[in-house]
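Look at the model below and follow its helices and its aromatic rings. The text goes through them one after another.

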Amino acid sequence: MLLRVAIVLALFGCKDKAKEKPASTKPPGDAAVKRTLDEELEAIRSKNKLPALAAVAWHDGKLVEIAAVGLRKADDATSKVTTKDLWHLGSNTKAMTATVIGIYVDRGALKFDDTLAKWFKKIDPGYAKITLDQLLRHEGGAPGEPPDELWKQLWADGDKPEARTKFVEGILAKPPEKPGTFVYSNAGYVIAGVILEKASKKRWEDVMREELFAKLDMKTCGFGAPGRKDVVDQPRGHDAGGTAMAPGPAADNPPGLGPAGTVHCSLEDYGKFLAMHSSGQPALVTPETMQHLHTARDGGYAGGWLVLPHPRGKVLAHSGSNTMWFVTTMLALTPKPDDRWTLVMATNSGSFPLDNVIGLLADRFTAPKK
């Protein structure tokens, strides 16, 4: 899921006065009185009837402020969220998948210009010359919505080892849709994930644990909805009707969709991944590969990020939702340390896009001091 361009352009020094800005939640009165981040979030949460809302800001890789308000489960007043809780990242997983692919590119096991014909024997001729890089840019012709029969099969196969490969083989057996044109596609990232599995000879989940989570000390990261079914020990996603969904198959997309969006983790651990993209350290990929992952073409998308201009660099942004959670992320890549802000907002409801309000965080942390 992409971040809305109009909102992003209002952030990190990219002010566009012609665009409408989200209404401030600050109370009238003494402008010198600044609310805490908890108070800011609670105003947004209560106004939009969200179960819980969390946010975190880093400046030049250092945590500045983190807060979480509300409930893990909407009808349980005792289930208050904490800043250590885990959040489902949805499509923000895509940047993680692309990063690990970058690791394998640096090792020589993959190339960004590898064609699908190199990795799959039986495919529609239209996919033969599509490259791995095109998949990571959503320009590989994969459908924006998978065919119903393949989606049902992916659900039915659940966590079976062959589920992901069967799904991809079904996608590639049909002609591509508009190859070379930007079409946001979860299926495209699942195809890329299967290529990673073929190159590593491991399941995508295991590669992520070994190559990303372990190396960045992201100990809270896992897959699917976080927590246990028998106790409300973590936030629970809430469906469109506001019903809390206990962890399990019904609380997320099918496991086979993993490379496109099933990771969960704490905001602080997620920040370790974002800091690596912001600073290049620790150097899990070469500077050249990192630059490739951050460089967009006509579609404005590269390596799991919407890439937008900044007066002194660029902004990487993305949103993710499995329809029961919503997480919005953005970071500024600039040579000047003062400009290097990273912001994340998360809620355990998919009914309210946080890209509508993350501009308030940007105002709080990045507005010039008077």
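The model is predicted. Start in helix α11, residues 267-279, where Tyr 270 and Phe 273 are three residues apart and therefore separated by about one helical turn. Both of these residues are buried.

Rings can also pair across the chain. The structure holds eight aromatic pairs. One of them joins Tyr 184 and Tyr 301, with 6.2 Å from centre to centre and 75° between the planes, which makes the pair edge-to-face. This pair links distant parts of the chain, since Tyr 184 lies in the loop between α7 and α8 while Tyr 301 belongs to strand β6 (residues 301-302), 117 residues apart. Tyr 301 has a relative accessibility of 1%, so it counts as buried.

Next comes helix α7, residues 163-172. Is this helix mostly covered or mostly open? It is mostly covered, as seven of its ten residues are buried. These are Ala 163, Arg 164, Phe 167, Val 168, Gly 170, Ile 171 and Leu 172. The elements that cover them include α4 (116-119), α6 (148-157), α8 (186-200), α9 (204-213) and α10 (258-261).

Of these neighbours, take α6. The axes of α6 and α7 come within 9 Å and cross at roughly 170°. An angle over 145 degrees counts as roughly antiparallel, and α6 and α7 are therefore roughly antiparallel to each other. From α6, the contact is made by Leu 150, Gln 153, Leu 154 and Asp 157, and from α7 by Ala 163, Lys 166, Phe 167, Gly 170 and Ile 171. Sorted by kind, the residues of this contact are five nonpolar, two polar and two charged.

A further helix pair consists of α2 (residues 37-47) and α13 (residues 358-366), which pack at an angle of about 160° with their axes 11 Å apart. These two helices are therefore roughly antiparallel to each other as well. The crossing of α2 past α13 is right-handed. Which residues meet here? Leu 37, Glu 40 and Ile 44 in α2 meet Leu 360, Leu 361, Arg 364 and Phe 365 in α13. The residues of this contact comprise five nonpolar, no polar and two charged.

Notes: Residues numbered from 1 in each chain as written. Predicted model: local features only at pLDDT ≥ 70, side-chain atom pairs only at ≥ 80, totals over all residues. Heavy atoms only, no water. Axes fitted to C-alpha atoms, helices over the stretch in contact; angles between N-to-C directions. Helix = DSSP H or I, 4+ residues; strand = E, 2+ residues; numbered from the N terminus. Parallel < 35°, antiparallel > 145°, perpendicular 65-115°, else oblique. Left-handed = near helix turned anticlockwise from the far one by under 90°. Contact = heavy atoms within 4.5 Å. Nonpolar A, V, L, I, M, F, W, Y, C, P; charged D, E, K, R; others polar. Buried < 20%, exposed > 50% of the residue type's maximum accessible area, 1.4 Å probe, protein only. Phe/Tyr/Trp six-rings, centres within 6.5 Å; stacked < 30°, edge-to-face > 60°.
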